[in-house]
Amino acid sequence: MSSGPTAYRVLGIDPGLHITGYAALDFGRSAQPAIVEAGALRPAVKGELAERVFQLHSDVAGVLGDLEPDIVVIEQLYAHYKHPRTSILMAHARGIILLACRQAQVAVRHVAATHVKKSLTGNGHASKLQMQRSVQSLFRLDELPQPPDVADAIAIALCGGRKLGSS
């Protein structure tokens with residue numbers, strides 16, 4: 001019986017009420033993780049908050065059911081004193097995503113955006129474009145991942161998966 005590396009799937013999520021980036025990466029089958037699927041969920045921007053969070057919940061539940069991750073890694077909530085509304089809206093999105101993960105019985109880990117950015121670019125305050133270029137280069141993609149939230153989700157999954165693989 002082979003004692004090769006254990007394979008596992010990590011779903012990275014960059015939460016937001018306007019755009020939620022997601023990316024599933026498979027680890028352990030080769031030295032470089034493979035992108036299984038990456039995309040963006042976009043609840044109706046003009047809908048009422050209740051409708052938007054309901055749609056986000058439905059969309060995330062669908063992604064969890066389709067991709068069957070072993071673990072979800074989600075960006076931690078951060079607050080900037082100049083943009084408190086952004087933090088509140090992100091908290092709504094994170095809560096909905098955490099609920100969907102719990103309902104699907106998928107474990108969740110949290111990672112700081114600055115940690116993800118530093119691990120990929122060497123700069124904890126890297127721009128969206130720097131993150132897109134780093135992900136494009138690392139995974140040898142023909143084009144920049146679009147929108148930038150997708151690149152962030154790929155990076156979140158990569159960072160979380162590496163951490164999981166080293167523990």
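This is a predicted model: local features need pLDDT of at least 70, side-chain atom pairs count only at pLDDT 80 or more; totals for chains, interfaces and linings use all residues.

Modeller: Start with burial, meaning under 20% relative accessible area, with exposed over 50% and partly exposed in between (1.4 Å probe, protein chains only). Residues are numbered from 1 along each chain as its sequence is written, and side-chain values use heavy atoms, leaving out hydrogens and water.

Biologist: Which residues of strand 1 point one way, and which the other way?

Modeller: Tyr8, Val10, Gly12 and Asp14 point one way. Arg9, Leu11 and Ile13 point the other way. Both sets are buried.

Biologist: How do I read strand pairing?

Modeller: Strands are DSSP runs of E, at least two residues; helices are runs of H or I, at least four; both are numbered from the N terminus. Two strands pair if DSSP finds at least two bridges between them. Strand 1 (residues 8-14) pairs with strand 4 (residues 71-75) in the parallel sense over 4 bridges. Valine 10 stands opposite isoleucine 71 there.

Biologist: How many bridges join strand 1 to strand 2?

Modeller: There are 7, and the two strands run antiparallel. A hairpin links them through 5 residues. Isoleucine 13 has tyrosine 22 as its bridge partner in strand 2, and isoleucine 74 in strand 4.

Biologist: In what order do the strands lie in the sheet?

Modeller: The 5 strands form an open sheet, ordered 3-2-1-4-5, with mixed pairing. Strand 3 (34-41) and strand 5 (107-111) are at the edges with a single partner strand each, so one side of each lacks a neighbour in the sheet.
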